[in-house]
Amino acid sequence: MPKRLFQGLLVLVMSLAAALGFASAAMAQDSDLSIRVQVRDQQRDEQGRPDNQPVAGVTIVLADGQGTELQRIETDAEGVALFPLPAKADYVVTLVEDTLPDGQSLSEGTVVEQRIPADSFTTSTRTISYFTGSSQSATQSSLEEVAQLTANGIQLGLILAMCSVGLSLIFGTTGLTNFAHGEMVTWGALMAYLLNVTGLGFLGFLGFLPLIDGDGRFQILLAAPFAMALGAALGYAFDWGIFGRLRRRGIGLITQMVLTVGLSILLRNAFLFQFGGRTRPLKDYTLQQAIEIGPVSVTPRDIVITLLSAVILVAVAMTLQMTRLGKATRAVSDNVDLARATGIDTQRVIRIVWMAGGALAALGGVFRGMTEQVGFEMGSNLLFLMFAGITLGGLGSAFGALVGGFMVGLFVELATLVVPSELKNTPALVVLILVLLLRPQGILGKAQRVG
Amino acid sequence: MDWVSIFENTLKAFVGINAVYFAIAALGLNVQFGYTGLLNFGQAGFMACGAYGLGMTSHYFDISFWWGPFIALGFAVVLGLLMGVPTLRLRADYLAIVTIAAAEIIRLIVRSVRFKHFFGGSDGINGFSDAFRDVGQDLGIQPASDYGIRPLEFTGRQLWTLIIGWLLVALFGLVVYLLMRSPWGRVLKAIREDEDAVRSLGKNVYWYKMQSLILGGMIGTFAGMMLALDRGSVQPDNYSRDVTFYVLTALVLGGVAKVSGSIVGPMLFWAVFQFVDAVLREASKSGPIRIGDLTLIESTQVGPVNLMLIGASLMLLMVYRPQGLFGNRKEMAFDGR
């Protein structure tokens, strides 16, 4: 019993350490200067009262006093888009009317473009409200819109693919469906936030080095690799502290799967505990001017992220295809017993898969945190898209995860041509169900019995 | 620290409406998970079917409240088919993935502006339950007056919902108990133990699983209905993804594949939850809980801490006592594959 108790305590201590690992100072950022834009639907009900529904998925553009575009954000589920600002200055906020849900338009008297003079900041947060009402005009899908959505979709797809590789490989090598994988994504973004925004004060003496300032804040270029390493550490901790032990004790996969659900709840709330419920941006490259490439408007940051994701995914694929370790991984994924019989150290391979998966998920989280914002639920909100992706690609296949994740990301973005953007995850469920009906082994999965 | 009120609230939570709707949801989940071995991670979706079935009677259909349960059951059948048809021939985890996804999509749809006309958007639906209240009033329970003795004091409104709720728990408990002793129930348990063996006896495993999924879902709709009736409103965020997992934790705590487990589990779950919550809130009321200079928990952080404990308990239960308090280790769906 003491040994069992020890293991139980270990699990708890580990998770609490994960919770408290990033110092409590993380929350001190709330007073930063920002513009908060909220979009509300004022459609009146039968009694004539406006209902004030938040409108999600509306693109808001922030520009400086000269009208140069700085940043564009979609409103979240609360109908809010939050722009962090470096200083009080003249700004212009514009609502992109094409992105309003079908059948909605700005109500009369609401101006699309709102100027915010520097002296109008009475508090650190300036709130701008847009009100919409219903209208009969439907938005038109144009070629430009398709091009823009394709660009967004490629980016989301690559990030999804990066996050899903670990999920699929862990399934392939151990048979475990990890419902806490979304938290591994969030973990990466939060670690980057800790290094990039909160800063590690005790590392301030390193301020003479490039990319580190006197408060121990790491430039994101440096914070991202550290976040990856911490992601790998989390993967290692999961396998060493929990799942490796459960495997050795012969605990069934279904039990382990329900356990991952508990782990996901534990970690997500630990993140909420430390980070709070708000979403926050990372520090570097947040205010960027979009450049126009043909019909597509995209920030340099997003271009770099997209290219970098593509390079990393190719590297992952090459590693799996060509190196000894990659071959061993695929062998274990194919058939554990056969792999062991040929002398592969399966436990070691599984441990490495957890670490690599954790690192890739963390980097995906950092990229997602840069393009969107960092929040405690960001990973778990992606989980279901990841599942759709790896099911489409073939559960357990790494290449399948790459292809499937990419396709789902692209599809979800393009689907907003027909689906309101507040519902843009819905088509992924359709994909999931169709794949399971028509080709349950996925695109790249082997046609074996999966039932 | 006000221990008297803490214990009173704990006792109240033991029999309160939360325990009621969790018990109903857990009974449904038990049919699927405990008896048949189906991993339904989307019970919240079925609960939403129940709540919106009631709410839409006034909000969209504009018909009598009493059609609500039938509409809800219709929704549940459709949802069960949607989840079951693609997955029930496949390995167990596909069902888990599709059910969790479906429940999440349902929440997105019902809170969307686009479908506000049907579901009321993120404000939900209010003012649909008068007909239900009137029955209580006709039976002599005055909504505004207090009943019971301290600490088990409830207003007439609460009492009426509680009475109906516990009657439903008893009814579904009996139904599940009898069904699982019937030949039909024995087939379900046999599927959980060895699907191939059942198939080789000529039973249509797929169809039995589908029946189990839909039956459990239909029971689950009543959990959503009781929650909606108690609150007097239907709120999309009451049916979020994690609700399923809290119900699952409560079920595993009581014991899977046991009717008693799925009733006592939720009662204990809510008593413990309320107790921890009250203690932490009392302790952090006059300032953060701290050890020396180290701030541990601030009053705004009590909620997440409590939910972290739920996650941790689910993990520890799965490792050390997956059969729960009343379960039988031999009747475990967990080690199927």
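Here are a few worked exercises on a predicted model with chains A and B.

**Exercise 1. How far should helix 9 of chain A span, and what is the distance between its end C-alpha atoms?**

Step 1: Helix 9 of chain A covers residues 346-371, which is 26 residues.

**Exercise 2. Is helix 9 of chain A largely enclosed or largely open?**

Step 1: Count a residue as buried if 20 or more other C-beta atoms lie within 10 Å of its own.
Step 2: By that test, 21 of the 26 residues of helix 9 are buried, so the rest of the structure largely encloses this helix.
Step 3: For background, buried residues make up 48% of the 451 residues in chain A.

**Exercise 3. Which elements of chain A have the lowest and highest mean pLDDT?**

Step 1: Go through the elements, which come to 12 helices and 11 strands. Helix 1 (residues 2-20) has the lowest mean, 54, while helix 9 has the highest, 95.

**Exercise 4. How do the two domains of chain A meet?**

Step 1: Grab the bounds from the domain assignment: domain 1 is 36-140 and domain 2 is 145-438.
Step 2: Their C-alpha centres lie 31 Å apart.
Step 3: Count the contacting residues: 13 from domain 1 touch 11 from domain 2.
Step 4: On the domain 1 side, strand 4 (residues 69-74) of chain A gives the largest share, 4 residues. That side splits into 5 nonpolar, 4 polar and 4 charged residues.

**Exercise 5. What makes up the side of chain B that touches chain A?**

Step 1: Check the scores: the model has ipTM 0.93 and pTM 0.85. Chain B has a mean pLDDT of 91, with 98% of its residues at 70 or more.
Step 2: Count the residues in contact: 49 from chain B and 45 from chain A.
Step 3: Find the helices. In chain B, helix 4 (68-87), helix 5 (92-110), helix 12 (241-254) and helix 14 (302-320) each supply at least two residues of this side.
Step 4: Sort the chain B side by type, and you get 31 nonpolar, 8 polar and 10 charged residues.

Note on methods. Residues numbered from 1 in each chain as written. Chains lettered and ligands numbered in written order. Predicted model: local features only at pLDDT ≥ 70, side-chain atom pairs only at ≥ 80, totals over all residues. Expected span 1.5 Å × (residues − 1). Buried ≥ 20, exposed ≤ 12 C-beta atoms within 10 Å, placed from the backbone. Domains from an automatic or database assignment. Contact = placed C-beta atoms within 7 Å. Nonpolar A, V, L, I, M, F, W, Y, C, P; charged D, E, K, R; others polar. pLDDT = per-residue confidence, 0-100.
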